[in-house]
Amino acid sequence: MSVSQSGRASGPLDTFPRLLLNHAATRGDRPATREKYLGIWQTWNWSQVAEEVRAMACGLAELGFKRGDNLALIGDNRPRLYWAMCAAQMLGGVPVPLYQDAVATEMAFVLTDGEIRFAIVEDQEQVDKMLEIKDQCPSLQHILYDDPRGMRHYTQTYLQGLDEVIAMGKVHDRNQPDFIVGEIANGRPEDVAVMLYTSGTTGKPKGVCQTHETFIAAAQSGVGFDHLTDQEDILSYLPMAWVGDHLFSYAQALVAGFTINCPESGDTVMTDLREIGPTYYFAPPRVFENLLTTVMIRMEDAGALKRNMFHYFMAVAKRCGSDILDGKSTVSSTDRLLYALGNLMIYGPLRNVLGMSRIRVAYTAGAAIGPDLFRFYRSIGVNLKQLYGATETCAAVCLQPDREIKFDSVGKPAPGVEVKIADNGEVLVRGKLLLKEYYKRPKDTAEAIDAEGWFHTGDAGFFDEDGHLKIIDRAKDVGKLSNGAIFAPNYIENKLKFFPHIKEAVCFGHDRDMVCAFINIDMGAVGNWAERRGLPYSGYTDLAGKKEVLDLVRECVEQVNAELSHDAMVAETQIHRFLVLHKELDPDDDELTRTRKVRRGFISEKYNVLIDALYSGKTSQFIETQVKFEDGRTGKVAADLAILEVKTYPTMKKAA
Amino acid sequence: MNGRKIGEVILDLKNISLSFGGVKALTDISFDVREHEIRAIIGPNGAGKSSMLNVINGVYRPQQGDIILRGEHHANMDSYGAAKAGLARTFQNIALFKGMSVLDNIMTGRNLKMKANMLQQAIWFGAAQREELEHRAKVEEIIDFLEIQHIRKTPVGRLPYGLQKRVDLARALAMEPQILLLDEPMAGMNVEEKQDMCRFILDVNDQFGTTVVLIEHDMGVVMDISDRVVVLDYGKKIGDGTPDEVRANPDVISAYLGASH
């Protein structure tokens, strides 16, 4: 009917709505979206999705949504929220996904800053947040909700169910079938396609405007690079507001025409991953780390035979697994045989448990990944690779090519992207995938993109001899000790965080004579460790204060120091003193960003007493901190924190 | 603000007395429960609250008194009859099958509604299979409702206490009861779990129109969610009315603040 014909007639596939119509016409029966609902995977094929999106767009238009309007999307990864993105784009509007776990006041900022008139939210919980802040957001006029549960008694006229809007849209579309076709035809590739807010590591979040052209280019470059087809399956479980999810679950899915799968709920991701068995997978290092921790904990609970087999074959995999995956010819035939045996007995089943049996390509990004962690996945045959990018560059600047994997680099520039290193070590990027602008912030835009069109990433890095980019830290975080030695806090913190027992770390040292650190233990790993030793504890604060735990952390820190001492560049920045914080750093208390990056400035202000104590040679310090619970109430946590000294090592000369 | 309509008296308890040998657990207690309301039973330890609930669903038979359920006299209520009559309950000390998965536990709540005979069920053929699929669909709705999808296949014994309580509620809901008896649904929970539980109870009451009779120690919870409260002390009724009335009742205050009896 008209859907397919008008889709083809509208010319080149240079906007997302046109891509959608094209898929509906060329692979209408292929699954486009799946969601597990009431225990069963529901599937929508491309024609059905196109129908739904079209109806939603007409419904939105009926409510007065028009070209240039911004549409806020708040919720977990639900099919209809993804479709709403495309619906807004059909009308020439701009979807603005928000982090769904943000508290109401944080949302108020984005809603006001983005001049949002329409918001589509997932459920009653999010509606309540919207109602709470509606008075602060004068522009907000319509709130639509996806899940009607619990909404029966809400009588506000500006609240509407998405079901009704879609039904309304269907009628509208029947009466004026030309309307939406015309709207799609009016879309131009240089229109803004999506606005993604930066996580706000540096101050207030900024709206990054990306056009259809840039995002499609970025997606095409990735699709071509990894030879993705319409047969891929991807699990969409990362926040929709994150550029990574937008690239993988929206842009690439629409460019390549593959299937996105929405989990049943945030807590079922592990099970859903196993059931779907994605072929293409994306996760921040944290997720890979959690998976590995779960496996390791379960392995320790297993019987002696299984445990020994596991450790034996993991040693084999460590020795030759990644080389086999890279297709290197240096592996001995004994090792190959052992690896094949291990694959049958350990790696295969393990991949299956992790839901990674079918994975062709897996990516990680967003933070540095521990070499051991990275090696673990590659050695059991998961083609895990790293990429580097930012919200401003549609996530993809550098990618690791197959067979050219290095544990400590982020790979080579993607096709069509230029990367160079500025004199101060900052990474500069130029190419099609750069942002159009920061929303309503011409000054920031001008600062970020210089006259020659280079985007300043704010990351410090360098190219190695093979042309691979290595990122060491945020450029502005790289400081100097008072004796002049380079101090890259992130670098040290990452080394600390690679220990399963350490969840977060914050290092201090800029303009100081030595490096000191705050540590957060990992409740799961250390809790398990304590249980094994019959060590009773009542909660985080109690566990973090135990002498045994402090000794455990001290051992980790000492190992880091030993590693640091091997490299003359950073040997000066060994950790001299540390303490274990009495509470977990939390985005709700503004200590971490929503993507869980440490907010250094805020933390050093908030815990000023502790830093003073670290540097003044005290052995303990009392502190009381206010904490915010998930429901918005506040409470207090107080503790007497012990400050520990750590052994440091003399600098080792590396053999040339 | 609230859309549900509290209806006629659905359950009427008249002059209930229950004793175990010489111990008088309940003495001459009368109160009623209206359709669609949330009715709380409160009282200090040993006041006879759980006994009262056990009388309602036929675990104990009172020596005296009458239970009138939807106009019918049930002086000799037994557990099976209570279940048939649309009464479901949860327990103070969770009584789930620890070794079975959450899903299987909730499925047991559908037992009364299964029509296939034991042989058919054993070979899981024809009607039994069709029937089970229907029941499973219903159970999945409850799982979705109580947001326990992530533990569907987990053995109940491995779950934390708060979640077990939720599974207990799920199993009771699987019976699609008209009256839901909850014995201390929030005991031993932290603040967040209590809030979740409150929300679920209110949702059940609101969405399905289920009448709820609950025993609870947390006064904040009781006063917040119940429509009417009956107060027991030493097996006697000492107060009955809206939360505000009960709060102002001098007998209740003295029972709770420990004034001399």
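**Notebook: the A–B contact and some strands**

I started at a salt bridge: the side chains of R152(A) and D206(B) meet at 3.6 Å, N to O. I count a salt bridge when a side-chain nitrogen of Lys or Arg lies within 4 Å of a carboxyl oxygen of Asp or Glu. Across the interface of chain A and chain B, that rule finds four.

The model is predicted, with local features needing pLDDT of at least 70 and side-chain atom pairs pLDDT 80 or more, while totals for chains, interfaces and linings use all residues. Residues are numbered from 1 along each chain as written, chains are lettered from A in the order written, and side-chain values use heavy atoms, without hydrogens and water.

Next I looked up the whole interface. Chain A gives 15 residues to the contact and chain B gives 17 (contact: heavy atoms within 4.5 Å). About 1,400 Å² is buried between the chains (accessible area lost on being put together, 1.4 Å probe, summed over both parts). L38(A), R149(A) and H153(A) supply 44% of the area that chain A buries against chain B.

Then I turned to strand β27 of chain A, residues 620–628 (strands are DSSP runs of E, at least two residues, numbered from the N terminus). Which side chains are buried there? Q621(A), I623(A), T625(A) and V627(A) point to one face and are buried (under 20% relative accessible area, 1.4 Å probe, protein chains only).

β27(A) pairs with β28(A) in the antiparallel sense over nine bridges (pairing needs at least two DSSP bridges). K628(A) has T634(A) as its bridge partner.

How values were computed. Buried means under 20% relative accessible area, exposed over 50%, partly exposed in between (1.4 Å probe, protein chains only). Helices (H or I, at least four residues) and strands (E, at least two) are DSSP runs, numbered from the N terminus. Buried area is the accessible area (1.4 Å probe) that two parts lose on being put together, summed over both.
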